[in-house]
Amino acid sequence: MSRTWLITGVSSGFGNEMTKQLLEKGDTVIGTVRSTGKVQELIELYPDTFDCQILDVTDIEHIHSFIPEMFEKHGRIDVVVNNAGYGLFGAAEELDYENIQKILDTNLTGSIMIIHDSLPFMRKQGGGRIIQLSSYGGQVAFAANSMYHATKFGIEGFCESVARITSVSPS
């Protein structure tokens, strides 16, 4: 049975590899990128099953319109994967506000809003899965990684809490 996946940040890393494997097995992937350059080959190889979409997860207003559009366009989304994110490293006092806000918006707020806006559609369709990629940095802290850890601990806590009260999959 083929599934439809929404995966953020598919231009590199885990998101890109996951997308390739899912497309090879015949699933449909709505893959988000900030620029299509790194996924051009996937666009050409899988024109019917790779729906490449421009989305910056720091743009909350766009997320609010994007999620309903994708559920409407595809009829249903079986799995939402929050993968977009990055690291910001350095002594806490050396990080400027702009960089602090950007990592919070990318790694924490963007992921929260993707989940927030997807849940009502998953409930309405009778199920689905949410996969939040995080890291060891959401469990253990190291020196000079304060903002990265803040975002990863934050998204871990958010997802753990949502999972305790939310069941969007009947399995």
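Student: What is the order of the strands in the open sheet?
Tutor: In this predicted model, five strands form an open sheet in the order β3-β2-β1-β4-β5, with parallel pairing.

Student: Which are the edge strands?
Tutor: They are β3 (50-54) and β5 (129-132), each of which pairs on one side only. From one strand to the next, the twist averages 15 degrees.

Student: How many bridges join β1 to β2?
Tutor: Strand β1 (residues 4-7) and strand β2 (residues 28-33) run parallel and are joined by four bridges. Ile7 has Gly31 of β2 as its bridge partner.

Student: And the side chains of β1, are they buried or exposed?
Tutor: Thr4 and Leu6 point one way, Trp5 and Ile7 point the other way, and all are buried.

Student: What about β4 and β5, how many bridges there?
Tutor: Strand β4 (residues 79-82) pairs with β5 in the parallel sense over four bridges. The partner of Val81 in β5 is Ile131.

Student: Which strands does α3 touch?
Tutor: Helix α3 packs on the sheet against β1, β2 and β3, and its direction makes about 165 degrees with that of β3. Helix α4 also packs on the sheet, touching β4 and β5, at about 175 degrees to the direction of β4.

Student: On to the helices: at what angle do α3 and α4 cross?
Tutor: The axes of α3 (residues 60-74) and α4 (residues 97-125) come within 10 Å and cross at roughly 30 degrees. The two helices are therefore roughly parallel.

Student: Which residues make the contact?
Tutor: Among them are Ile63, Ile67 and Phe71 of α3, and Met113, Ile114 and Phe121 of α4. By class, the contact has nine nonpolar, five polar and one charged residues.

Technical notes
Residues are numbered from 1 along each chain as its sequence is written. This is a predicted model: local features need pLDDT of at least 70, side-chain atom pairs count only at pLDDT 80 or more; totals for chains, interfaces and linings use all residues. Side-chain values use heavy atoms; hydrogens and water are left out. Axes are lines fitted to C-alpha atoms, for helices over the stretch in contact, and angles run from 0 to 180 degrees between N-to-C directions. Angles under 35 degrees count as roughly parallel, over 145 as roughly antiparallel, 65 to 115 as roughly perpendicular and the rest as oblique. Contact means heavy atoms within 4.5 Å. Ala, Val, Leu, Ile, Met, Phe, Trp, Tyr, Cys and Pro count as nonpolar, Asp, Glu, Lys and Arg as charged, and the others, Gly among them, as polar. Buried means under 20% relative accessible area, exposed over 50%, partly exposed in between (1.4 Å probe, protein chains only). Two strands pair if DSSP finds at least two bridges between them.
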